[in-house]
Amino acid sequence: MSCRVVVLISGSGSNLQAIIDQCQGRSGVELVGVISNKPDAYGLVRAHHAEINTSCVIAKKGEKRADYDARLTAAIEAYQPDLIVLAGFMRILSEGFVSRYLGKMLNIHPSLLPKYTGLDTHQRAIDAGDTEHGASVHFVTPELDAGPVILQAKVPIYEGDDAQALAERVHEQEHAIYPLVVKWYAAGRLKMDANGAYLDGSLIGPGGYAPD
């Protein structure tokens, strides 16, 4: 059986493209839908080129978050997904929405969590004088960027780096690790419970999976 995957985007969709290139039709992954909250998101063009169905759920002026999430849920459920992948989806989701898909929703965050939740992670790492930075794939839980980490990739921070140079280095690693985690989930290797994330039945440590 294939794993039906819906990807949520807001922008260019570079991680979506990496997942299309490395996962679509392989390892049991079937990308069945791409949903954006921005009608001009370039990721929608990427989906069209890959012949993947698309939807837009655009926030209405003054709309409550729970009401938006109810419309988003309806759009997602139309695809009957097994997994939801957040790939640059720039909305904070309500607790009720996240709870509905607990253990079935992944996100990638541009920092080595638990460091630098939220925005402007690259500049914050530079300002802190860090020597390394990176990205983390994690399960989504109601607390922002606080779900169990599955896999991290680290990159060096060089003297003279600006946020854009560091972001480009991190994006390259994101495009490697996110498709891998999607494949793990599709293969039934990845689970989550109250204790954390598990790969092949073994609890993953707080810094993500680290092979021997």
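Which residues of α1 and α6 meet? The model is predicted, with local features needing pLDDT of at least 70 and side-chain atom pairs counting only at pLDDT 80 or more, while totals for chains, interfaces and linings use all residues. Residues are numbered from 1 along each chain as its sequence is written, and side-chain values use heavy atoms, leaving out hydrogens and water.

To the question, then. From α1, Ser14, Asn15, Ala18, Ile19, Gln22 and Cys23 meet Glu174, His175, Ala176, Tyr178, Pro179, Val182 and Lys183 of α6, where contact means heavy atoms within 4.5 Å. By class, this contact has seven nonpolar, four polar and two charged residues; Ala, Val, Leu, Ile, Met, Phe, Trp, Tyr, Cys and Pro count as nonpolar, Asp, Glu, Lys and Arg as charged, and the others, Gly among them, as polar.

As for geometry, the axes of α1 (residues 14-23) and α6 (residues 163-186) come within 9 Å and cross at roughly 55 degrees. These axes are lines fitted to C-alpha atoms over the stretch in contact, with angles running from 0 to 180 degrees between N-to-C directions. Helices (H or I, at least four residues) and strands (E, at least two) are DSSP runs, numbered from the N terminus.

I turn now to the strands. Seven bridges join β1 (residues 3-9) to β2, and the two run parallel; strands pair if DSSP finds at least two bridges between them. Val5 has Leu31 in β2 as its bridge partner.

Elsewhere, β8, β9 and β10 form, in that order, an open antiparallel sheet. Within it, Lys191 stands opposite Tyr198 in β9.
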